[in-house]
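Q: I would like to learn how to read this structure. Can we go through it feature by feature?

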Amino acid sequence: MTRMIAVALLAFALACGRANAAQVSYFPVPPGSHPHDVAPAPDGSVWYTGQRAGNLGRLDPRTGKVETIPLGQGSAPHGVIVGPDGAAWVTDSGLNANVRVDPKTKEVKVFPLPKDFPNANLNTGTFDNKGIYWFTGQSGVYGRVDPATGKVDAWRAPRGSGPYGIATTPSGDVWYASLGGDHIAKVDTVTGEASVVEPPQKGAGPRRVWSDSKGILWVSFWQSGEVGRYDPMAKSWKTWPINDAKFGAYSVYVDDKDKVWLTDFSANAILRFDPATEKIERFPSSRKDASVRQMLGRPGEAWGAESGTDRLVVVRD
């Protein structure tokens, strides 16, 4: 009897383990889309940028149905986020403009950069706590759009080319990461001035940046293959290697539980890093050369776009 109870308890524990294990699912998008960034929406759908198709896609994960919205001739969208207005906001390097897409009417509104900032190679956007949209451009540009007035401001980055990822902390501070400029920077949301913070080692190549719930910054280091944590109050860094290749940390995203999600191009995998235990959980793609770019999520779901396979991917708890 004791043995039977022990076997039953073991079976129950294994079943619970399977039930609690993360599940990975894939959703195909139209061939040739080269989906770059994703943005889960409050209604359950998922936006993605069809970089090579020049459109914004919208996936319904319940049915697998995808609809696409053309953004204009020459469009090459890179980043997408959902704004406080519920709309999709897109950085479009082909149009050299930021674009708002209304989720109900599908209306496309374009906010071109000032004429003295041509070919900005727009990358990523974020909203501050006052509803102002901030963006980066790899050609050495960062700026903002006031959705209420449509006014667009832009500034030259302090070290030229490189501004890439951008994020807002819970207190409303805006930070960007510069891959080419090898730094992160805090942007004064009033004056637009950027204050440079050096990486923990020269040549680390900060690509993306994200904030946890306490305002601690997490940075993916493309050139060194590490994830870095920067405490703005203590002005201190700590880093962890994510692979043996010492390169290829692309995306970083912090979920609602303060777990840090990364993508590792060298291992063709999505990673989940637990800062409390310093353990990494790996989710390799089912196909070669997935090339997952930026990740975003909502409670219980972490989403990415496999730009190399024309699929979206989600890891669910």
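Q: How many residues of strand β8 (residues 97–101) are buried?
A: First, the ground rules. This is a predicted model, where local features need pLDDT of at least 70, side-chain atom pairs count only at pLDDT 80 or more, and totals for chains, interfaces and linings use all residues. Residues are numbered from 1 along each chain as its sequence is written, and side-chain values use heavy atoms, with hydrogens and water left out. Strands are DSSP runs of E with at least two residues, numbered from the N terminus. Buried means under 20% relative accessible area, exposed over 50%, and partly exposed in between, with a 1.4 Å probe and protein chains only. In β8, five of its five residues are buried.

Q: Which residues of β8 lie on each side?
A: A97, V99 and V101 lie on one side. N98 and R100 lie on the other. Both faces are covered.

Q: Which strands are joined to β8 by bridges?
A: Two strands pair if DSSP finds at least two bridges between them. Strand β7 (residues 88–92) is joined to β8 by five bridges, and the two run antiparallel. There, W89 stands opposite R100. Five bridges also join β8 to strand β9 (residues 108–112), again antiparallel. In β9, P112 is the bridge partner of A97.

Q: Which residues take a positive phi in these hairpins?
A: The hairpin of β7 and β8 has four residues between the strands, and N96 takes a positive phi near 50°. The hairpin of β8 and β9 has six, and there K106 takes a positive phi near 65°.

Q: In what order do the strands of the four-stranded open sheet run?
A: The order is β10-β11-β12-β13, with antiparallel pairing. The edge strands, β10 (122–127) and β13 (152–156), each pair on one side only. Neighbouring strands are turned by 20° against each other on average, direction ignored. For such angles, axes are lines fitted to C-alpha atoms, and angles run from 0 to 180 degrees between N-to-C directions.

Q: How many bridges join β10 to β11?
A: Four bridges join β10 to strand β11 (residues 133–137). T126 stands opposite W134 in β11.

Q: How many salt bridges does the structure hold?
A: A salt bridge is a side-chain nitrogen of Lys or Arg within 4 Å of a carboxyl oxygen of Asp or Glu. The structure holds 18. One of them joins R144 and D153 (3.0 Å, N to O). Both R144 and D153 are buried.

Q: Which parts does the pair of D258 and K214 tie together?
A: The closest N and O atoms of this salt bridge are 3.7 Å apart. D258 lies in the loop between β22 (249–254) and β23 (260–264), and K214 in the loop between β18 (206–211) and β19 (217–221), so the pair ties together parts that are 44 residues apart in sequence. D258 is buried, at 17% relative accessible area. K214 is exposed, at 68%.

Q: Which residues are linked in a network of salt bridges?
A: D43, R58 and E67 are linked in this way.

Q: Which residues form one aromatic cluster?
A: Rings of Phe, Tyr and Trp (its six-membered ring) pair if their centres lie within 6.5 Å. W89, F111, F127, Y133 and F135 form one cluster. By this rule the count comes to 21 aromatic pairs.

Q: Over which ring does the charged end of R311 sit?
A: A charge sits over a ring if NZ of Lys or CZ of Arg is within 6 Å of the ring centre and within 35 degrees of the ring normal. R311 sits over the ring of Y26, 3.8 Å from its centre. R207 lies over the face of W222, at 4.5 Å from the ring centre.

Key. Rings of Phe, Tyr and Trp (its six-membered ring) pair if their centres lie within 6.5 Å; planes under 30 degrees apart count as stacked, over 60 as edge-to-face and the rest as tilted.
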